Amino acid sequence: MPQLSFDRFHRYADLTAILHQFAADHPQLMQVASIGKSYEGRDIWLVTATNTATGPAGEKPAFWVDGNIHSVEVSASAAC
């Protein structure tokens with residue numbers, strides 16, 4: 001499991017690595033997919049967190065958590 005630091009804000013490359021490491025460590029619980037590109041050409045990551053042993057995510061209730069809508073509002077990624 002990646003080590004998370006809560007005494008600073010993580011940059012895009014760090015957040016990307018953290019998300020992918022969580023998904024690699026727990027593929028039965030988390031998937032990461034790009035849903036498009038930002039204005040600067042960076043992937044926009046979508047994380048699906050569900051226990052695949054109990055069925056696919058699309059067949060379960062869900063909620064949406066959104067962060068970093070505006071590039072200078074970096075606290076949202078830490079909250080998410």
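The buried residues of helix 1 are Thr16, Ile18, Phe22 and Ala23, where buried means under 20% relative accessible area, exposed over 50% and partly exposed in between (1.4 Å probe, protein chains only). They cover an arc of only 165 degrees around the axis, which puts them on the same side of helix 1; the arc is that of the directions from the helix axis to the C-beta atoms. The model is predicted: local features need pLDDT of at least 70 and side-chain atom pairs count only at pLDDT 80 or more, while totals for chains, interfaces and linings use all residues. Residues are numbered from 1 along each chain as its sequence is written, and side-chain values use heavy atoms, with hydrogens and water left out.

**Helix 1**
- Helices (H or I, at least four residues) and strands (E, at least two) are DSSP runs, numbered from the N terminus.
- Helix 1 has 14 residues (12-25), which at 1.5 Å a residue should span 20 Å, and its end C-alpha atoms are 20 Å apart, which agrees; the expected span is 1.5 Å times one less than the number of residues.
- Ala13 and Ala24 are exposed on the other side of helix 1.
- Strand 1 (30-37) and strand 2 (43-49) are included in what covers the buried residues of helix 1.

**Valine 32**
- Strand 1 holds valine 32, which is partly exposed at a relative accessible area of 21%.
- Beyond its neighbours within four places in sequence, valine 32 is in contact (heavy atoms within 4.5 Å) with Leu19, His20, Ala23, Trp45, Leu46 and Val47.
- Glutamine 3 is 29 residues from valine 32 in sequence and 18 Å from it in space, C-alpha to C-alpha.

**Charged side chains**
- The count is 3 salt bridges, each being a side-chain nitrogen of Lys or Arg within 4 Å of a carboxyl oxygen of Asp or Glu.
- Arginine 8 and aspartate 14 form a salt bridge at 3.5 Å, N to O; arginine 8 is partly exposed at 44%, and aspartate 14 is partly exposed at 30%.
- Lysine 37 and aspartate 43 form a salt bridge, with closest N and O atoms 3.0 Å apart; lysine 37 counts as exposed at 53%, and aspartate 43 is partly exposed at 22%.
- Glutamate 40 and arginine 42 form a salt bridge, with closest N and O atoms 3.8 Å apart; glutamate 40 is exposed at 62%, and arginine 42 counts as partly exposed at 39%.
- Arginine 42 also lies over the face of tyrosine 12, at 5.1 Å from the ring centre; the rule asks for NZ of Lys or CZ of Arg within 6 Å of the ring centre and within 35 degrees of the ring normal.
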